[in-house]
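We'll walk through the fold together, one stop at a time.

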Amino acid sequence: MTADEKFMMRAIELAKMGEGLTRPNPPVGAVLVVEGHMIAEGWHKKAGTDHAERDCLKKIPPMPVNLKTATLYVTLEPCSTHGRTPPCTDIILEKGIGRVVVSVVDLNPAHAGRGLKLLEEAGVEVVAGVCEEAGRELIAPFEKFITTGLPYVTLKLASTLDGKIADSAGDSKWITGPEARERVQEMRRRSDAIMVGAATVRADDPSLMPRPSNDRKPFRVIIGADIPAGSKVRNDEAAEQTLIRSGNLKKILTELASEQGIMHVFCEGGGQLAAGLVDAGLVDEFAFFFAPKLMGADGLPNFGKTGGLIADVKNLKFQSLEQVGNDILIKAKPER
């Protein structure tokens, strides 16, 4: 690993601290390095607050240092336009930073490359594409949001090895173990909205909020009708974050993006909603938690679809496999 890669990976770690908090902005991290030593770091904490570059450069300690010899590592191209906050290119030039290294060029066609060109024209050395794969993975929800107007959808399904998400009576507590359930809480904290079908709410009365929240307050999106008046999603401390929708799934997702700025939807089923999202080609990432258990033929399937033919199967590409406690987590993406 080169020095540029090492410091960029640190910037990516910092950016992840803002996941689930920055909508409709992407999570971004920044590190300032002088002569091989990190002297300041920052990340974007919330829309309307300082971007990562400004957060980082405001923390430069009072020390005799020539910033012309400094390198600023940023996970995404610095902005060059004035929005809710001033352009990050301004403070980079004000501080006299000599070199800027970015992972990903701005994905917004209106801005792509503009900030880097401005810096280069001012005499700043610019390097782009360092740890680009990791940088793109970090902002995958933002990329989907900004280029298609749709949120990035992660579909999580926890099932037995024979693909059952509940028994014949609808009971699903608990198929997976505590470690897997804690991992799901982490996934919720990274998301802007938690989505389930109405049948899941009627059967389980879930909260759907991440525990602990760590200041996250994602929307809860319930697809369907007949939500009991006494359910948690209607009455708890986050009731105003509950959105109940029905109809065309793509239209619903488009409205979530345009009206609430939702970039990342974390769907936790059930089987009918999962099947609908898959059939409509709306799932970007699958997270399958498999417990070492067998339920039997009368358990509820993780995909509530019947009559499928081998010629029509949806092909996926495995991304990773990990043991989480006694369970297995398999991540996969659709084969486009």
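Predicted model: local features only at pLDDT ≥ 70, side-chain atom pairs only at ≥ 80, totals over all residues.

Let's begin with the strands. Five of them form an open sheet in the order β2-β1-β3-β4-β5, and the pairing is mixed. Which strands stand at the edges? They are β2 (37-43) and β5 (125-128); each has a single partner strand, so one side of each is left without a neighbour in the sheet. On average, neighbouring strands here are turned by 15 degrees against each other, if you ignore direction.

Zoom in on β3 and β4 (residues 99-104). These two run parallel and are joined by five bridges. If you'd like a landmark, find Y73, which stands opposite V101 in β4. Then look for helix α4 (residues 114-121): this helix lies across β4 and β5, and runs at about 150 degrees to β5.

**The cores**

Now colour the nonpolar residues. The largest nonpolar core has 33 residues, and those with the most contacts inside it include L32, L72 and I97. Which elements supply at least two residues each? Both strands and helices do: β1 (29-34), β2, α2, β3, α3 (88-95), β4, α4 and α6. The largest share, four residues, comes from β3.

**Helix α6**

Next stop is α6 (residues 140-148). Its buried residues are A140, P141, F142, K144 and F145. Notice that a lysine is on that list. An α-helix has 3.6 residues a turn, so residues three or four places apart point the same way. What covers the buried residues of α6? The cover includes α5 (132-138), β6 (152-160), α10 (249-260) and β11 (264-267). Just after the helix comes G149, with a positive phi of about 80 degrees.

Is K68 buried or exposed? Its relative accessible area is 57%, and the cut-off for exposed is over 50%, so K68 is exposed. Apart from residues up to four places away in sequence, K68 touches G96 and G98. The C-alpha atoms of K68 and L119 are separated by 13 Å, though the two residues are 51 apart along the chain.

**Rings, and charges over rings**

A pair of aromatic rings is described by the distance of the centres and the angle of the planes. The model has three aromatic pairs, and here are two of them.

| Pair | Centre to centre | Angle between planes | Arrangement |
|---|---|---|---|
| F286 and F288 | 5.5 Å | 5 degrees | stacked |
| F288 and F290 | 6.0 Å | 20 degrees | stacked |

F286, F288 and F290 form one aromatic cluster. F286 and F288 are buried, and so is F290.

K45 lies over the face of W43, at 3.9 Å from the ring centre. Over at W174, the charged end of R181 sits over the ring, 4.4 Å from its centre.

Most residues other than glycine have a negative phi, and most peptide bonds are trans. Where does this model depart from that? For the peptide bonds, check R23 to P24, which is cis with omega near 0 degrees; P24 is in the loop between α1 (3-16) and β1. Another cis bond joins R211 and P212, with omega about -10 degrees, and P212 is in the loop between α8 (198-204) and β9 (219-223).

For phi, E35 has a positive value of about 50 degrees although it is not a glycine. E35 is in the loop between β1 and β2, and counts as exposed at 68% relative accessibility. C131 has a positive phi as well, near 55 degrees, and belongs to the loop between β5 and α5. C131, however, is buried, with a relative accessible area of 17%.

Notes: Residues numbered from 1 in each chain as written. Heavy atoms only, no water. Buried < 20%, exposed > 50% of the residue type's maximum accessible area, 1.4 Å probe, protein only. Contact = heavy atoms within 4.5 Å. Pairing = 2+ DSSP bridges. Axes fitted to C-alpha atoms, helices over the stretch in contact; angles between N-to-C directions. Core = buried A, V, L, I, M, F, W, Y, C linked by side-chain atoms within 4.5 Å. Phe/Tyr/Trp six-rings, centres within 6.5 Å; stacked < 30°, edge-to-face > 60°. Lys NZ or Arg CZ within 6 Å of the ring centre and 35° of its normal.
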